[in-house]
Amino acid sequence: MFTPKRAFSGFSVNDTAAARQFYGETLGLAVAEGPMGILDLTLPGGAKVIMYPKQDHEPASFTILNFAVDDVEAAVEELNKRGVLTKIYDDPQLPTDDKGIMRGHGPDIAWFKDPAGNVLSVIQAE
C-alpha cells in the first residue's frame, strides 16, 4: 500500500553556495545544509523544499516557487533594492510593466530568477 509519511518538493541548482546566499540572505528564508550537498529550504508556512547540486543543471522553464504577498508592488520594490531583477520577460503573451509586474490577467504577479536561472514569482495573495 502506498502510505507516504510526508511529501516535499525539490529542484536543482548549479552552485549551492550561491543558492544558500540568495535564498538565505537575499530572500531571508531559512536554509540549512543537509547530506551530500543538499540544501534544506523552509518556506513561509513551514513547507520544506530541497535544493540539490547538479553538475549539468538546466534552469526550470517554468515557475518553481510562488511567494504569495499582500502587495506585489511593494515586494517588487524590496526585491529590486536587494539587487533582484524582476523585469525578466519581454513577451507579448506575458505583458509586464517596466517593473516586471503583470496586471489584469489574473492576480498581479512578477517573476524573477535565482542564481541558477530557476524562475520564481511574487504573486498577489488572495
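1. Basis. The structure is a predicted model, in which local features need pLDDT of at least 70 and side-chain atom pairs count only at pLDDT 80 or more, while totals for chains, interfaces and linings use all residues. Residues are numbered from 1 along each chain as its sequence is written, and side-chain values use heavy atoms, with hydrogens and water left out.

2. Annotated span. An unreviewed UniProt entry carries the annotation "domain: VOC" for residues 5–125; such annotations may be inferred rather than shown by experiment. The span is 17% helix and 32% strand, and its end C-alpha atoms lie 29 Å apart. Helices (H or I, at least four residues) and strands (E, at least two) are DSSP runs, numbered from the N terminus.

3. Nonpolar core. Such a core is a set of buried Ala, Val, Leu, Ile, Met, Phe, Trp, Tyr and Cys residues joined through side-chain atoms within 4.5 Å, where buried means under 20% relative accessible area, exposed over 50% and partly exposed in between (1.4 Å probe, protein chains only). The largest core holds 29 residues, of which Tyr23, Leu65 and Val122 touch the most other members. Among the elements giving two or more residues to this core are helix H1 (16–26), strand S5 (63–69) and helix H2 (72–81). Leaving aside neighbours within four places in sequence, Tyr23 has contacts that include Phe11, Leu41, Met51, Leu65 and Leu120, a contact being heavy atoms within 4.5 Å.

4. Largest pocket. About 270 Å³ of space lies in the largest pocket, and the elements that give two or more residues to its lining are S5 and H2, with S5 supplying the largest share, 5 residues. Of the 15 lining residues, Leu27, Phe67, Val69, Leu79 and Val122 lie nearest the centre. A pocket is an open set of points on a 1 Å grid over the protein atoms alone where a 1.4 Å probe fits, with protein on both sides within 12 Å along at least five of seven lines, and lining residues have an atom within 4 Å of a point.

5. Pro53. This residue is found in strand S4 (residues 48–53) and is partly exposed, with a relative accessible area of 39%. Pro53 and Met36 are 17 residues apart in sequence, and their C-alpha atoms are 8.7 Å apart.

6. Asp108. Lying in the loop between strand S6 (101–102) and S7, Asp108 is partly exposed at a relative accessible area of 22%. Its contacts, leaving aside neighbours within four places in sequence, include Val72, Arg103 and Val122.

Methods
Points joined across faces, edges and corners; volume = space filled by probe spheres on them.
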